[in-house]
Amino acid sequence: MALTVGVLVHDSVLRRSLHEGAGRAHVALATALEDADAAGEEGPRVSPEELPEALLRQIEHGGEATLYEDGPPAPVFRAARREGGKLYAVEVDMTADLLTRQALDRHMWKYSLLTLGVVVPATALATELPARRLRRVARTARRITAGDLDARTGTVRGGDEVAEISAVVDSMADSLQQRIDTEQRFTADVAHELRTPLMGLVTSAELLPEGEVTDMVQSRVRVLRDLVEDLLEVSRLDAGAETAQQGPVDLGALVRDSVARTGLAAQVTRQGAAVVESDPRRLDRIVSNLVVNAHRHGAGRVEVTVAGRTVTVRDHGPGFPADLLSHGPQRFRTGSAERGHGHGLGLTIASGQARVIGATLAFANARDGGAVATLSLPEDGQTSEA
């Protein structure tokens, strides 16, 4: 704005100065001719060689013309006229006008910079206050997106749009938290209600006479029992009712035994496996779920590597879907069709149990194909965020 105003003022003053200079040159020429005529003299006569070519062309068209020349040695306005086949011309010194314009330009620059020096910091301060409030709302929204449903923007003063956005974000978080709590309570209630009749169904299925149909019924009942147990475990993890029972664990031996108990083929490799302080039951649950998930949703051989305090489970299938890599495992979602069918509880339970023992469970895809799940145990006496 300051630059635009300065340019406009400079241009306006320049055009006015040139207009007034042309008028003074015309008056000076007319006065010189009148004075010479009154005195019986010839007047300010000049030869064509003394006048600029541009001025001569204007005279040829109109008989009288003016021309501004910006020095050196000094800026002048020339006025010339042709009368009786003779040329007459005068010069009007424009030095004073030039100095006035230069002084005006200096003053405009000086006061524009001074004004900017005051306005810019004041404007930055004025915009920083709402920007800071917006950044706080954005940070809260990112925390909620990352899974921290207890995050809130807090009290935002004022009745402007930022305060309204803050209130909407807090209201959204409250509503989301209520929906998730309702879902968790419903899942827990359903699992508890199903457990008692299911136990009776399991007992009844075991009393059936041997046969192909009996085997099919018992197999389906076992699947249903495992699903109910998984739902109960997820409910306990959601409620924060699980606590770790720490003790010394030979990580390499535990992983080998966990893989063996699944009854599934997997290549176990030990590379300096450590003895860690952790909960062996939960570690076994995590490793077995990862191996079962790799067989159920992956393809090719399953490789389990134990190195130090890290356990890596890899398959050679289509890899984890992008949604799981972005948001983590979610119950009742396996991601994509090529990952197979399932309830999506295996990785959810593994992630929850990892949080209980203070470990980190990360999911990635190998460059040459396949899903890679990495369990990193913290140093003894330390905890980490999953």
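Predicted model: local features only at pLDDT ≥ 70, side-chain atom pairs only at ≥ 80, totals over all residues.
**The four-stranded sheet**

Four strands form an open sheet in the order E1-E4-E3-E2, and their pairing is antiparallel. Strand E1, which covers residues 45–46, and strand E2, which covers residues 64–70, stand at the edges with a single partner strand each, so one side of each is left without a neighbour in the sheet. Between E2 and strand E3 (residues 75–83), the antiparallel pairing extends over seven bridges, and within this pairing Ala65 stands opposite Ala80 in E3.

Helix H1 packs on this sheet, where it touches E2, E3 and strand E4 (86–93), and the direction of H1 makes about 45° with that of E3. Helix H2, made of residues 53–62, lies across E2, E3 and E4 as well, and it runs at about 165° to E2.

**The five-stranded sheet**

Five other strands form an open sheet in the order E6-E8-E9-E11-E10, and here the pairing is mixed. The strands at the edges are E6 and E10, and because each has a single partner strand, one side of each is left without a neighbour in the sheet. Neighbouring strands of this sheet are turned by 15° against each other on average, if direction is ignored.

E6 and strand E8 (residues 303–307) pair in the parallel sense over five bridges, and Gln271 has Ala307 in E8 as its bridge partner. Strand E10 (residues 360–365) and strand E11 (residues 371–376), by contrast, pair in the antiparallel sense over six bridges, with Thr360 standing opposite Ser376 in E11. These two strands, E10 and E11, form a hairpin with five residues between them, and in the turn Gly369 has a positive phi of about 105°. Helix H9, which is made of residues 345–356, lies across E10 and E11 and runs at about 140° to E10.

**Strands E5 and E7**

Strand E5 (residues 247–250) and E7 run antiparallel and are joined by four bridges, and Pro248 stands opposite Glu277 in E7. In a regular strand the side chains alternate between the two faces of the sheet. Strand E7 (residues 275–278) has a covered face with Val276 and Ser278, and an uncovered face with Val275 and Glu277.

**Salt bridges**

The count of salt bridges in the model comes to 18.

| Salt bridge | N to O distance |
|---|---|
| Arg132 and Glu128 | 3.7 Å |
| Asp250 and Arg270 | 3.6 Å |
| Asp279 and Arg282 | 3.2 Å |

How far apart along the helix are Arg132 and Glu128? They are four residues apart in helix H3, which means that about one helical turn separates them. Glu128 has a relative accessible area of 26%, and it therefore counts as partly exposed.

The salt bridge between Asp250 and Arg270 links distant parts of the chain, since Asp250 is in strand E5 and Arg270 is in strand E6 (residues 267–271), 20 residues apart. Asp250 is partly exposed, with a relative accessible area of 37%, and Arg270 is partly exposed too, with a relative accessible area of 43%.

Are Asp279 and Arg282 buried or exposed? Both Asp279 and Arg282 are buried. Elsewhere, salt bridges that share partners join Glu42, Arg45 and Lys86 into one network.

**The nonpolar surface patch**

Leu3, Val7, Trp109, Leu113, Leu116 and Val120 make a nonpolar surface patch of about 620 Å². Helix H1 (2–39) and helix H3 (95–145) each supply at least two residues of this patch, and H3 gives the most, with four residues.

Why does Trp109 count as exposed? Trp109, which is found in helix H3, has a relative accessibility of 53%, and because exposed means over 50%, it counts as exposed.

Notes: Residues numbered from 1 in each chain as written. Heavy atoms only, no water. Patch = residues over 30% accessible without salt bridge, like charges linked within 9 Å, V, L, I, M, F, W, Y side chains within 5 Å. Areas by Shrake-Rupley, 256 points an atom, 1.4 Å probe, with all protein chains shown as cover. Salt bridge = Lys/Arg side-chain N within 4 Å of Asp/Glu carboxyl O. Buried < 20%, exposed > 50% of the residue type's maximum accessible area, 1.4 Å probe, protein only. Pairing = 2+ DSSP bridges. Contact = heavy atoms within 4.5 Å. Axes fitted to C-alpha atoms, helices over the stretch in contact; angles between N-to-C directions.
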